[in-house]
Each structure stands twice: as structure tokens, then as C-alpha cells.
Amino acid sequence: LATSGDSIRRRFLDFYASRGHKVLPSASLVPDDPTVLLTIAGMLQFKPIFLGRYLYLVPREVPCATTSQRCIRTNDVENVGRTARHHTFFEMLGNFSFGDYFKKEAIKWAWELTTSEFGLPANRLWVSVYEDDDEAFAIWHDQVGVPAERIKRMGEEDNFWTSGVTGPCGPCSEIYYDFYPERGHSDADLGDDIRFIEFYNLVFMQYNKRDDGSLEPLKQKNIDTGLGLERLARILQKVPNNYETDLIYPIIEKASELANVSYAFADDPTKLKLKIIGDHMRAIVYLLSDGVVPSNIGRGYVVRRLIRRAVRTGRKMELHLAYRAKMPFFCMTRTGFPVEITMEVADERGVSIDMKGFDVEMENQRRQSQAAHNAVKLSVGNGADLTENVPDTEFLGYDTLSTRAVVEG
Ligand code: ATP
Ligand code: MG
Ligand code: MG
Ligand code: MG
């Protein structure tokens, strides 16, 4: 079964599309919302709809939708690489109901998606519910069949979701994957992030949080969910952390190559640096492509900080030296761009060129082509060199273009 990041995204969207959801595109990382700096969750583009204001791109006729939303969470920047599951940039897969289906369907579909579609063993799944949400507890227990010892009631911090200080919110229920089911139930703690990973959050959006902190019931009950693509990829690809999934690892591999290290044999501090680079590069590229430019305020400052940290981390691995040497060399050998002109351009822009590194690469290249040349020395069975005893050939191309003419001639 296909478990690449791309396939997981496709399978999630198809699953909900075949259950009546309209597949909509991700919104920009720059939200159309003054209460948040960057898009932190899939629900953000639907906030006006949840609040009952149908001003937005989703027409009233769309009762439910599904998306893969690009997200940035700067509050997780310190967790990057230190936990196996947090990124600054990640993709949140989501299914949304705008006053259409509610708790029962959301829970049943989430279970079917994880156990049938993605095949996760039911006995490795734990769920959390908001402390007084007896209804959610009963659906998980009586209708889905999750044993009571694997349903945890949790408090406001974990299981009451709000997108900001104000706005739509509600109790939520999360699905966790257990990497060590043999450890039993008695003292299991879902906060133990070696044993468990939270990957799917179902929010029962039924209130609007007002400025004074009070909860106003919404006219209609909504569903907002978020499933971390990198987290599900990590589980399905059976790798030790999100960074080693096909969604991030190619960046780490490239950075390792440039820094002349091997991720597999690297020590933990080096691995951490490579993870930071893998994480921040994705965030930087997506922020820039959504039009955020580095500056000293707001969103611009977020991208500037990420660029600085990625660059600093790279410099600590001397990645810039390896990169510079490979870059004057790359220009010349692959594109035929002469090294003198590269030097001239670099000089005009106040950038230095690593000529020592260039010479080393040049020498390597010379040795390799010499070796290749030796390897293809032409000889026949008895060891005689084929190039011996071959008479000089005459070039006929000035007078004729046809190969037939040469043969005939
Ligand atoms: P955690 O407790 O692990 O920090 P969360 O409870 O803050 O996660 P939610 O706000 O519930 O996360 O977001 C919904 C889903 O998005 C999570 O269940 C998870 O799969 C994913 N997710 C959240 N934050 C991150 C992150 N920083 N990096 C990668 N995935 C994330
Ligand atoms: Mg979090
Ligand atoms: Mg959580
Ligand atoms: Mg959560």
C-alpha cells in the first residue's frame, strides 16, 4: 500500500471526498484574519463560516469540505528536532462540517480512516476526550468499541481547542498511536512522547469565545479536524521520527551531502542540526512563496529569524565552505560558465570564492576522468590494442553530409 507523503495526502482527501466532502485547496500561510499572524490550522480559512457569516470562498451549498492545509507554528520552534513530532512548518489534513454532521459521524469516520483506510491496528490506538464530554466518551466506547482503559479524559489545556484568544472553539477528542502496547494500561500517560504520538484531533466546534472570555453557543454545530501529515507518515513509514519520512529526509540528505557528513552515522548534535535545517528550509520556502519577505516586524520577522537560524546552523557544520567550493566548480563544469567571470561577478557583489576548494574539486575531477579513460582502453581478445594498425581516416564532412556517401565513397 502506498505510504509516501503524497499518497497519504491523496488517500485522506479521497476518503472524505467519497463521503460527500468537497476537496478545497490550501489557503495561504498569510491569513485573512487580524487575530493571528500566520495560518496555524486548517480551520482558519473557514472561521467566518463557523461563526455563521457566509462571506467566504465556500458557498452555502458546501455542507462539508476537506483540505490539506500548510501551517506554521512558531510556538513549536524550540521543539524542532528535540521532539520527534514538532515542526515549524507542517501540513494539516482536515475534514470540516459546516452545520452538517457532528460528533457521531466525525468519530466514526476518523476511526474508519485510521483503521481501515490506513490499516493502523485498533489495539494500538488510544483516544482522549474533554473531561466532561460524556457524549464523546459514549460514542468511542459504545459505538466504536474502544475499551474504557484506552479512553482518557483530559482537561482544558489539551482537550478544549481555540484558534486564538477569541473565535470559534469547542471540546475536542484526539487519537494517539501507541508505539509500545506491551507496556500495558495501568500507568500509561498520553503525554509520554516516547511511547505515544498524537496525530488526529477532532474539534466539536460549538461555541464562540467572546472578548470577555465567555462562551456563546454557535447557531449551528460544526466539525473541525486536524491530522498531521508528517506524523501519520512517520507511523506508516515506520521511521523513528517525522524528519526521516520522505517529506523531509531529502532535504536532510542534501544538507548532509553539502556538509560532507552522513546522517546515519552522525552523532546526536549533528543530527539535531540537520533536522533544524530540514525543518526551517521548508518553512522558509513556503513563507517566501506565499509572499512573506524578511523584515523586522510581524511575519517578515518570523521568516528572517528562521533564515538566520538555518544559516547559523549550517555554518556551524561548515556547510557554507563545502557549498561554496561545489558552487564555483558546478558553474564551470556543468554550465560551462568560466571561473574568471564567476570571480568577477562575486567580486562586484562583495562575495568571496573558495579557490582552494575549487582546486580540490578540479583535481578530483581530473583524477576521475583519468581513471575513466584508463578503464575504457580498447583491446581485442589477444590483448592487442584496437587503435593500433588502424589507418588514418579522411574527413569528408566538408563535401558531403550523408553517411551513405561516406560508405559508398
Ligand atoms: P501537540 O500536543 O503534539 O503539540 P497539538 O495538540 O498542539 O499537538 P493540534 O492543535 O491538536 O496539535 O493540531 C492538530 C494536529 O496537527 C495534531 O494532532 C498533529 O497531528 C498536528 N500538529 C500540531 N502541531 C504540529 C507541529 N508543530 N508539527 C507537526 N504536526 C503538528
Ligand atoms: Mg502543540
Ligand atoms: Mg496536543
Ligand atoms: Mg491536539
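Which residues of the largest nonpolar core touch the most other members? This is a predicted model, in which local features need pLDDT of at least 70 and side-chain atom pairs count only at pLDDT 80 or more, while totals for chains, interfaces and linings use all residues. Residues are numbered from 1 along each chain as its sequence is written, and chains are lettered from A and ligands numbered from 1 in the order in which they are written.

**Nonpolar core**
- Among the 85 residues of the largest nonpolar core, those touching the most other members are I72, I107, A110, W140, F199, L202 and L287; such a core is a set of buried Ala, Val, Leu, Ile, Met, Phe, Trp, Tyr and Cys residues joined through C-beta atoms within 7 Å.
- Helix α8 (residues 268-289) is the element that gives the most to this core, with eight residues; helices (H or I, at least four residues) and strands (E, at least two) are DSSP runs, numbered from the N terminus.
- Because domain 1 (5-244) and domain 2 (249-317) both give residues to this core, it lies between them.

**Overall form**
- The chain holds 13 helices and nine strands.
- Its radius of gyration, taken over C-alpha atoms, is 29 Å, well over the 22 Å that the globule rule (2.2 Å times the number of residues to the power 0.38) gives for 409 residues, so the chain is more spread out than a compact globule.

**Domains**
- An automatic or database domain assignment divides the chain into domain 1 (5-244), domain 2 (249-317) and domain 3 (323-375).
- The C-alpha centres of domain 2 and domain 3 lie 25 Å apart.

**Burial**
- Of the 409 residues, 35% count as buried, that is, with 20 or more other C-beta atoms within 10 Å of their own, C-beta atoms being placed from the backbone.

Note on methods: A residue is buried if 20 or more other C-beta atoms lie within 10 Å of its own, exposed if 12 or fewer, and partly exposed in between; C-beta atoms are placed from the backbone.
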